[in-house]
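The following report describes selected local features of the structure shown here.

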Amino acid sequence: MDKCKDIYTKTLNQFTNLLCKLDTIMLKMDKDFYKYLNDNYCDFKNIGLRFIFCLLLREFPVILSIRLLDIYISEEYPPHYYSIYLLATLFFKFSKYLKESKENIIKFLQEIPTNKWGEKDLLELVSEAYILKNIFIIE
């Protein structure tokens, strides 16, 4: 976890950089979806902090959070770096739901609907995020 220590500083420059990277990833993946989210006040530079700061651990049931923490530890990149790919993957996984209404975006931002997920769902998300990380390498 030593790799994370630079993220918890007074200036939080690392968070700003991560959120800019998330914004870039989302834009590169699907410009129309990105525009739709931004048009509905879902700016990743503003809303992403909550998700990145907790490494997405709060968004899953406890047993899956422990599994996700295990995945972060085994990953070669720092957890906060990998979490931006997980968050982007989560948004695209729920893109159909998010496009249904503006209210769904608000509901999603308040509580990502992962409370009924199992390990298989989490591993699928992690696999998709890993692929995304290899496609959109952002330094």
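L55 is buried, its relative accessible area being 7% (buried means under 20% relative accessible area, exposed over 50% and partly exposed in between, with a 1.4 Å probe and protein chains only). This residue belongs to the loop between α3 (44–53) and α4, where helices (H or I, at least four residues) are DSSP runs numbered from the N terminus. Leaving aside residues up to four places away in sequence, L55 touches L68, Y72, P79, H80 and S83, a contact being heavy atoms within 4.5 Å. L55 and Y82, 27 residues apart in sequence, have C-alpha atoms 8.7 Å apart.

This is a predicted model, in which local features need pLDDT of at least 70 and side-chain atom pairs count only at pLDDT 80 or more, while totals for chains, interfaces and linings use all residues. Residues are numbered from 1 along each chain as its sequence is written, and side-chain values use heavy atoms, with hydrogens and water left out.

Helix α1 (residues 13–29) packs with helix α2 (residues 31–39) at an angle of about 125 degrees, and their axes are 5 Å apart; axes are lines fitted to C-alpha atoms over the stretch in contact, and angles run from 0 to 180 degrees between N-to-C directions. The two helices, α1 and α2, are therefore oblique to each other (angles under 35 degrees count as roughly parallel, over 145 as roughly antiparallel, 65 to 115 as roughly perpendicular and the rest as oblique). On the α1 side the contact involves D23, M26, L27 and M29, and on the α2 side K31, F33, Y34 and L37.

Seven salt bridges are present in the structure, each defined as a side-chain nitrogen of Lys or Arg within 4 Å of a carboxyl oxygen of Asp or Glu. Three of these pairs are tabulated here.

| Salt bridge | Closest N and O atoms |
|---|---|
| R67 and E119 | 2.9 Å |
| K93 and E124 | 2.9 Å |

K93 is partly exposed at a relative accessible area of 31%, and E128 counts as partly exposed at 31% relative accessibility. Shared partners also join R67, D70 and E119 into one network of salt bridges.
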